[in-house]
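Reader: I'm new to this and would like to go through a structure with someone. Could we take it one question at a time?

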Amino acid sequence: MHTLTAPQLPHKIPSLDGLRGTAIGLVIFGHASATHMAPHFFDRPIFTSLGNVGVRLFFVISGFLITTLLLRDIERHDRIRLGNFYLRRTLRIFPAVFFYIGAIWLLHLAGAVDLTYKLGSRQHVENVMPDLIHALTFTQNYNHDYNWYFNHLWSLSVEEQFYLLWPFTLFFLGSRRSLIVGLAILAAAPFIRGMMFLYGTGLEIAMSREFQAVADALATGCIFALIHNWLSERVTYLKFIKRWAFSTAIVLVGVGYGIAFVSRPLAYIFGATFANIGMVLLLQHIVRYPDELIGRVCNFKPLMWVGILSYSLYLWQQPFLYFGSTAWVCAFPQNIFFAFAAALASYFMVEKPFLSLKERISSGSSLARNSFNATAAPPKN
């Protein structure tokens with residue numbers, strides 16, 4: 001295998017925004033299907049579980065994208081600039097989520113939302129500070145007696161834990177050894193989930209949220225970023241990805257989640273692996289062949305715009321898509337409108353200014369590097 005370099009893809013990876021839009025669309029549909037006034041036909045596991053499908057797709061995308069960015073950093077600077085990476089991630093993630101947490105906390109203090117009701121134990125509690133601490137420290141994925149308004153932050157917690165571990169893995173071990181780590185995680189994950197079921201709490205939520213139980217979704221994306229160029233030399237693989245990846249992905253994801261109708265524990269233990277592989281095959285198809293039908297769908301501008309808005313949508317759909325509320329703003333279909341309105345406000349007022357700052361920092365680094373290279377370059381004859 002050749003040196004593991006960044007995937008040979010355009011700077012802005014094609015179809016990825018549309019795939020993000022698809023993922024957040026699944027989350028919104030899965031949550032909205034159980035809300036007040038939604039058609040009763042949709043309030044069944046086959047539809048409500050689509051939210052988990054969307055989150056898992058986000059994990060696979062994240063593993064692929066973050067690994068690609070880190071490999072590009074190695075190519076340009078001969079190392080991973082950890083400080084730059086964490087500064088960019090901080091500007092990307094923290095402002096919007098801390099604004100959301102602060103807004104929900106103020107609404108709780110004003111009596112507009114109830115943080116005292118725990119969905120895990122189905123009872124009210126007096127002390128809601130543990131929920132706030134889990135939200136602020138990105139450990140919500142280990143909080144199994146949760147309130148609805150911070151509940152969705154479990155997946156962001158998984159992402160932040162991934163950001164903490166994977167760049168250091170690549171930094172210290174290099175790409176080849178990191179590939180071995182990724183493959184080991186992929187192989188070990190079903191065993192870990194099995195041990196959690198047999199000897200842990202036995203909670204299904206733990207097997208679908210705790211980092212060690214879902215790290216293989218991220219690892220799948222990481223692995224395929226690391227071997228993307230190597231796979232590009234395999235003609236048989238490319239033919240398969242072009243012709244059969246989408247149908248195979250549908251089958252694998254369907255089997256992965258469909259196992260739950262036979263055995264829910266088996267779905268968590270083994271089905272997740274099928275789903276991960278199906279999703280990464282779909283990702284490979286759309287980034288390699290953006291002009292094919294599925295790629296064109298993912299590059300449909302309205303869907304791409306939803307993908308660009310996906311982080312703010314992820315944060316702000318939660319208060320309005322609460323299945324336990326009969327409030328007018330939480331009733332279908334206007335709850336979807338309010339979720340988009342809140343997300344747009346968050347995107348333009350909070351997220352976008354910090355994204356602009358993030359890009360200015362990157363542009364400044366590039367200008368400084370180009371200036372240095374021009375000064376240090378030997379004179380031409």
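Predicted model: local features only at pLDDT ≥ 70, side-chain atom pairs only at ≥ 80, totals over all residues.

Reader: Is N143 buried or exposed?

Author: Go by the cut-off: a residue counts as buried under 20% relative accessible area, and as exposed over 50%. N143 comes out at 9%, so the word for it is buried.

Reader: Which side chain does the side chain of N143 make a polar contact with?

Author: Set aside the neighbours within four places in sequence, and N143 is in contact with D131 and H134. The polar contact between side chains spans 3.0 Å, and the partner there is D131.

Reader: What about N335, buried or exposed?

Author: N335 belongs to helix 17 (residues 334–376). Its relative accessibility is 0%, so N335 is buried.

Reader: And which residue's backbone oxygen does the N335 side chain reach?

Author: Leaving out neighbours within four places in sequence, N335 has contacts with T35, F320, L321, V329 and C330. The side chain of N335 gets to a backbone oxygen at 3.2 Å, and that oxygen belongs to C330.

Reader: Let's jump to D17. How far apart in space are D17 and G307, C-alpha to C-alpha?

Author: D17 is in helix 1 (residues 16–32), and it is buried at 9% relative accessible area. Not counting residues up to four places away in sequence, D17 touches K12, L303, M304, G307 and I308. D17 and G307 are 290 residues apart in sequence, yet their C-alpha atoms are separated by 4.7 Å.

Reader: Now the surface. Is L164 buried or exposed?

Author: L164 is part of helix 7 (residues 153–199). Together with L165, F168, F171, F172 and L173, L164 makes a nonpolar surface patch of about 580 Å². The relative accessible area of L164 is 53%, and the cut-off is over 50%, so L164 is exposed.

Technical notes: Residues numbered from 1 in each chain as written. Heavy atoms only, no water. Buried < 20%, exposed > 50% of the residue type's maximum accessible area, 1.4 Å probe, protein only. Polar contact = N/O pair within 3.5 Å; in protein donor to acceptor, adjacent residues only side chain to side chain. Contact = heavy atoms within 4.5 Å. Patch = residues over 30% accessible without salt bridge, like charges linked within 9 Å, V, L, I, M, F, W, Y side chains within 5 Å. Areas by Shrake-Rupley, 256 points an atom, 1.4 Å probe, with all protein chains shown as cover. Salt bridge = Lys/Arg side-chain N within 4 Å of Asp/Glu carboxyl O. Helix = DSSP H or I, 4+ residues; strand = E, 2+ residues; numbered from the N terminus.
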